[in-house]
Structure formats: structure tokens, C-alpha cells
Amino acid sequence: MSMKEYIHHIHGNPADNTMLDCPDVSCKYNADTYDFSKICILFFSIVLLIVSVLLIIFSKNSILQMIASAVLGGVFSAIVWLITVWHNDKTNAEISRIEHRLYIVDSLINSINTTTNIINYETLEITSCDQDDYIKRLLIFVGKLTNIKGIKEIDCSKLELKWLDGQDCFIDNFLKKFNHLMENPEPIKSNYDIDKILNLNEYILKTELTRLKEKLLRQRLYVICGDAPVDQKDVDRRIKLKRIFEIFNKVKNNE
């Protein structure tokens, strides 16, 4: 990650609006501080590497040469360590990316399962959205679709729903038809038909989000446990590579 990306991602501590808190929780030692520490170690190791090599070549003091040689060995160990953890960092980055998407999908699924409440601030009454109020249900559903469409981490362009007339349409077309309906109110079908269509669309949305969650869980399992699927064109190459490793392990274990 370049320094430009570090600067780009720097942001202030957000003002949380929660009434409850966990005061012993901290995020001081996170991925950014870890990466920055590795950069400092790498920079310091390179400086020591150059100084040690110069001392070994140009110094005539045998004690300094001995110390420089010992330092040089430690520097090589640090560089080998950095090379080793590079792959682990890539793996952790993939897991973090998947975990972030899982958090988003879980939030969307919870929003579907949660009953929408309406607060009357004049009477201080809290009432749940009436299932028979199809206009409110449609508005709430469109709000959920707009929210999903605005999440850049999720590609929802292939999400196929039912419009109020029963015709299939993708999410973009569904929202366009809804905007057109709001600008030019038209008579729609009976409440019974709207109820069936809304129930079906809510079922489709929840089902597809659940499938996406299951896919993300599989991908996380592949990253953690290995044995990830490969493209068909790479199958033969991976099989040959696996056989080479099996032969190497047998020789190593004297089998």
C-alpha cells in the first residue's frame, strides 16, 4: 500500500450516537498501525543493511567487521520475516474484505427481518407499519432497494424483481418505474395483487441476500482452510503442482 493510500484513508474519530459503550475496547493497534510498523522496520533494515555492508567492505577494524556481520545476519532475518508475512497479510486482507461484505449483507438481511416502526412525535406513539397499507410497504421496499443499489461493494444489477403489473424487471428498471409512478400516478391493480407482488419481491430480496451471504461464507472458508476452486484452464497445472508437493512431503518424511 502506497503512502498516498494511507493519507487518503486517514479520517477523524466519528462521533458515535450510542447510549451504551464498551470503554475497554480500542482500535489503536489495527491493520494500519501494523502496516506502518512494517514499513518502519523495512526502512530501518535497509539502512542497517547498507551500513553493515559498508563497514564489512571498508572498515579495517576486525571488531567492527564482526559486529557488522552479526547485524547483517539479523537484517537478513528481518527481511526474510517481512517476505514471509507478506503472503499472510494478503490472506488477512482477503478475509477482512469478506468480513466487511458479510457485515453489510447481515445488516441488509436484518433490515428486511425487522419490522418498520412509525413514530408520531406529537402523540409519542410508536406503531408498526401496517401490512395492509400497501403504499407504505411499497415505499419501504423501494427505500431498501435504493439503499442496496447505493452500496458499491454489492453488484445488484442482475437482481430481478416483479413490478406491480407482474412483469419481470431488474432493479434499475424497477426504480425507474417507481419514479415514473410517483411523477404520473396511475391506477394500479387491486390490493390483493399488490400484496402478492410485494410478498414475492420481499422473498426474492431476502433469498438473494441469504445466497450472497452463503457465498461469502464459502469464500472465507476457502481463504482460511485452502482448497479453493480454480478456473478450469488451471486445473491440470494445479494437479501437477499438488503431485510435486506430495512427492516432496514423502521424501521429507522418509516414506
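Biologist: Why is Leu124 called exposed?

Modeller: Leu124 has a relative accessibility of 67%, and a residue is exposed over 50%, buried under 20% and partly exposed in between, with a 1.4 Å probe and protein chains only, so Leu124 counts as exposed. Leu124 sits in the loop between β1 (117-120) and β2 (125-128), and has a positive phi of about 60° although it is not a glycine.

Biologist: What kind of model do these values come from, and how are residues numbered?

Modeller: This is a predicted model, in which local features need pLDDT of at least 70 and side-chain atom pairs count only at pLDDT 80 or more, while totals for chains, interfaces and linings use all residues. Residues are numbered from 1 along each chain as its sequence is written, and side-chain values use heavy atoms, with hydrogens and water left out.

Biologist: What makes Ser59 buried?

Modeller: The relative accessibility of Ser59 is 14%, and because of this value the residue counts as buried. Ser59 lies in the loop between α2 (31-58) and α3, and, leaving aside neighbours within four places in sequence, Ser59 is in contact (heavy atoms within 4.5 Å) with Leu54, Leu64 and Gln65.

Biologist: How do you know that the length of α4 agrees with its number of residues?

Modeller: The expected span of a helix is 1.5 Å times one less than its number of residues, so the 16 residues of α4 should span 22 Å, and the end C-alpha atoms of α4 are 22 Å apart, which agrees. The helices (H or I, at least four residues) and strands (E, at least two) are DSSP runs, numbered from the N terminus, and the protein has 7 helices and 4 strands.

Biologist: Why are the buried residues of α4 said to line one face?

Modeller: The buried residues of α4 are Tyr134, Arg137, Leu138, Phe141, Val142, Lys144, Leu145 and Ile148. Seen down the axis of α4, they fall within an arc of 155° (taken from the directions from the helix axis to the C-beta atoms), so they line one face of the helix.

Biologist: What makes Phe141 and Phe174 an edge-to-face aromatic pair?

Modeller: Rings of Phe, Tyr and Trp (its six-membered ring) pair if their centres lie within 6.5 Å, and planes under 30 degrees apart count as stacked, over 60 as edge-to-face and the rest as tilted. Phe141 and Phe174 are 5.9 Å apart centre to centre, with 75° between the planes, and form an edge-to-face pair. Phe141 lies in helix α4 (residues 134-149) and Phe174 in helix α5 (residues 171-183), so the pair ties together parts that are 33 residues apart in sequence. Trp163 and Phe174 are also an edge-to-face pair, at 5.0 Å centre to centre and 85° between the planes. Ring pairs link Phe141, Trp163 and Phe174 into a cluster.

Biologist: Which residues touch the most other members of the largest nonpolar core?

Modeller: A nonpolar core is a set of buried Ala, Val, Leu, Ile, Met, Phe, Trp, Tyr and Cys residues joined through side-chain atoms within 4.5 Å. The largest one holds 32 residues, of which Leu145, Phe174, Leu205 and Leu209 touch the most other members. The elements giving two or more residues to this core are α3 (62-113), α4, α5 and α6 (191-225), and α3 gives the most, with 7 residues.
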